[in-house]
Amino acid sequence: MSSYSKIIKKRRITDMNEGIFRNLMEYIPESIQGYTTSGIVFYWNKASERIYGYTAEEAIGKNLEDLIIPADLKPLFKVCLESGKKVKKSGEFMPAGELKLLHKEGHLVPVYSIHSAVYIDGKEPLLFCIDVDLSEQKRTEERLKQIKDELERSNLELRQFAYGVAHDLLNPLNIIAGCIHLFEQRYKGNLDSNFDDLLGYAVNEFKRIKSFVEDLLAYAQIEMMNKDFKPADISSALEKAVFNLQHAIEESDAVVTNDTLPVIMADEIQMVRLLQNFISNAIKYRTEKPPEVHISAERGIDEWIISIRDNGIGIDTGYSEQIFIMFQRLNRRTIHPGSGLGLTICRKIVEQHGGRIWVKSEPGKGSIFYFAIPDRHQ
Ligand code: ADP
């Protein structure tokens, strides 16, 4: 046992002399003010001087009300003194809470205030106020709020920019699509084979730009989506998604099956887009075998978990987070064309619904994409 702990053991805390307590009270970082039940200050520690600007000489003997109590808190201070007069036992006698008290120079200081009384039989109780200075914490909160507001503002500007660009590009792109279609109809097979190759190349690149612009527009639109969710039938959303992908499904001999699917509180148009993105990826990232896609649903705690299983090329576990990030692609563009926005759009839709998204996969065997949507009451 150290000599220090021997001393502590021998001399109980009640034996500690007043000097030690005075020292503790003087140098503690919290403001401690002692005052009578009529509000007259009899004790004022160093931290009180730092926090409120008055020295102990200036404060002692004055009424606390005239020093640090602002006009709006004067009625509460009266209640405090009244309660103080009725104290019959030591301890807290007023609810603790956050307040703004007055500094000598006139500005307000945010503090967390605790009111405690020392009751000695038959004598007037001594009242103490312990104030924790919250100025630094409030400044940090304000700075964080400013950063958050700034981020939200620049995010909004970026979204509006992306939306504007994508929206304005779609019109000329549709005109170019019409021209290319006319070229194909009129000249394909009529000029030399070089022309056909070049036209094929232009058509492919054009399709890529168009799908990128469409994805960008879809992404920018999701944030603006109405969050007034209504019952959405996931099986009818699936039917629509399959209908929209008819061409790709037939071309690849894909088979899309499903279990019983629930009705959930969601935006049905976004549910169609979500399923469509997963199924189209399942077809795009297939192996030699015809794609098999199965959609099922499972009830979680307070949520519905929908899964989309495929028998495609799969994803390395190391990339299971990365694929949901904008423009992150694991495969070569020449083999699997795409914008790298599909899963980002899925993540955004799910997040807008307050849900979660994730993937489990085994390279060569296939992947299961999951999304969970909170089970809001209808
Ligand atoms: P894109 O398909 O346009 O590249 P996505 O955001 O939809 O963009 O997908 C990101 C990446 O995740 C893809 O490039 C691909 O490597 C991988 N991926 C997505 N879905 C699947 C899937 N079902 N099977 C295997 N890999 C997938």
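Residues are numbered from 1 along each chain as its sequence is written, and side-chain values use heavy atoms, with hydrogens and water left out. In this predicted model, local features need pLDDT of at least 70 and side-chain atom pairs count only at pLDDT 80 or more, while totals for chains, interfaces and linings use all residues.

**Exercise 1.** Locate T37 and state whether T37 is buried or exposed.

Step 1. T37 sits in the loop between β1 (31–35) and β2 (41–44). Strands are DSSP runs of E with at least two residues, and helices are runs of H or I with at least four, numbered from the N terminus.

Step 2. The relative accessible area of T37 is 6%. Buried means under 20%, exposed over 50%, and partly exposed in between, with a 1.4 Å probe and protein chains only. T37 is therefore buried.

Step 3. Not counting residues up to four places away in sequence, T37 touches L81, G84, K85, E124, P125 and L127. Contact means heavy atoms within 4.5 Å.

Step 4. The side chains of T37 and E124 are joined by a polar contact of 2.4 Å. A polar contact is a pair of N or O atoms within 3.5 Å; within protein, one must be able to donate a hydrogen and the other to accept it, and residues adjacent in sequence count only if both atoms are side-chain atoms.

**Exercise 2.** Describe the surroundings of S48.

Step 1. S48 belongs to helix α3 (residues 46–52).

Step 2. With a relative accessible area of 0%, S48 is buried.

Step 3. Leaving aside neighbours within four places in sequence, S48 is in contact with S31, I32, Q33, G53 and Y54.

Step 4. The side chain of S48 makes a polar contact of 2.9 Å with the side chain of S31. A polar atom of the S48 side chain also lies 3.2 Å from the backbone oxygen of I32.
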